[in-house]
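Biologist: Can you walk me through this model? I'd like the overall layout, the confidence and the helix packing.

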Amino acid sequence: MSDNILIDAQRLTSHDRQETYDHPLDNHQRIADYLNIFLGDQLSWALTARQAALMQIFVKLAREQHCQKRDNLLDIAGYARCVEIIDQNIAMSKPPLIVAKKESTDDFRFYDTHSWDEPQAHPCG
């Protein structure tokens, strides 16, 4: 462990934890699936892997409120990183949106939105 929680969380979510628990998307999807079974018709919609990872942060926040420990903060950072990994994998697994961009009056070019050269605005701003 280093003196930097974020560096430690990056290391844990990239290597150690993935070897032990599987890829964050797969692991948190399993958690979501079990929660969906357990909660059944009490939910209006099925929980997602992303929501399961966010719930893990709430568990750690509750523990941190009771007893402040570095491990809680490390896990919160790690689960936040898992949410990021989940988001990246979901974005890349969606079929690319092919859009036409008019280059001139007679010329349209088609772009795969997964590989545009220009950075795209994030939907959240």
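Biologist: How many helices and strands does the chain have?

Modeller: There are 4 helices and 2 strands, in the order α-α-α-α-β-β along the sequence. Helices (H or I, at least four residues) and strands (E, at least two) are DSSP runs, numbered from the N terminus.

Biologist: And where is confidence lowest and highest in the chain?

Modeller: Lowest in strand β2 (residues 107–112), with a mean of 47, and highest in helix α3 (residues 49–66), at 96. The score is pLDDT, the predictor's confidence in each residue, from 0 to 100. Over residues 97–102 the pLDDT is below 50, and that stretch has 21 contacts in the model beyond near neighbours in sequence. Residues 108–125 are also below 50, with 29 contacts counted in that way. Contact means heavy atoms within 4.5 Å.

Biologist: What about the mean pLDDT of the chain?

Modeller: The mean is 80, and 74% of the residues reach 70 or more. Where pLDDT is low, the predicted coordinates should not be read in detail.

Biologist: OK, packing. At what angle do α3 and α4 pack?

Modeller: About 170°, with the axes of α3 and helix α4 (residues 70–93) 9 Å apart. That makes α3 roughly antiparallel to α4. Axes are lines fitted to C-alpha atoms, for helices over the stretch in contact, and angles run from 0 to 180 degrees between N-to-C directions. Under 35 degrees counts as roughly parallel, over 145 as roughly antiparallel, 65 to 115 as roughly perpendicular and the rest as oblique.

Biologist: Which residues in α3 and α4 meet?

Modeller: On the α3 side they include Ala53, Leu54, Ile57 and Leu61, and on the α4 side Ile76, Tyr79, Ala80 and Val83 are among them. The residues of this contact of α3 with α4 divide into 11 nonpolar, 2 polar and 7 charged. Ala, Val, Leu, Ile, Met, Phe, Trp, Tyr, Cys and Pro count as nonpolar, Asp, Glu, Lys and Arg as charged, and the others, Gly among them, as polar.

Biologist: Where does Val83 sit, and is it buried or exposed?

Modeller: Val83 is in helix α4 and counts as buried, at 7% relative accessibility. Buried means under 20% relative accessible area, exposed over 50%, partly exposed in between (1.4 Å probe, protein chains only). Leaving aside neighbours within four places in sequence, Val83 is in contact with Arg50, Ala53 and Leu54.

Biologist: Now α2. At what angle do the axes of α2 and α4 cross?

Modeller: Roughly 100°, and the axes of helix α2 (residues 24–39) and α4 come within 9 Å. That makes α2 roughly perpendicular to α4. Pro24, Leu25 and His28 of α2 make the contact with Tyr79, Cys82, Ile85, Ile86, Asn89 and Ile90 of α4. By type, the residues are 7 nonpolar, 2 polar and no charged.

Biologist: And α2 with α3?

Modeller: Those axes come within 7 Å and cross at roughly 90°, so α2 and α3 are roughly perpendicular to each other. Leu25, His28, Gln29, Ile31, Ala32 and Leu35 in α2 meet Ala49, Ala52, Ala53, Met55 and Gln56 in α3. That contact of α2 with α3 has 8 nonpolar, 3 polar and no charged residues.

Biologist: Switching topic: where is Asp22 found?

Modeller: Asp22 is in the loop between α1 and α2. Asp22 has a positive phi of about 90° although it is not a glycine, and is partly exposed, with a relative accessible area of 33%.

Biologist: Last one: what does Gln18 touch?

Modeller: Not counting residues up to four places away in sequence, Gln18 touches Leu12, Thr13, His23, Pro24 and Ile85. Gln18 is in helix α1 (residues 5–21) and counts as partly exposed, at 26% relative accessibility.

Conventions
Residues numbered from 1 in each chain as written. Predicted model: local features only at pLDDT ≥ 70, side-chain atom pairs only at ≥ 80, totals over all residues. Heavy atoms only, no water.
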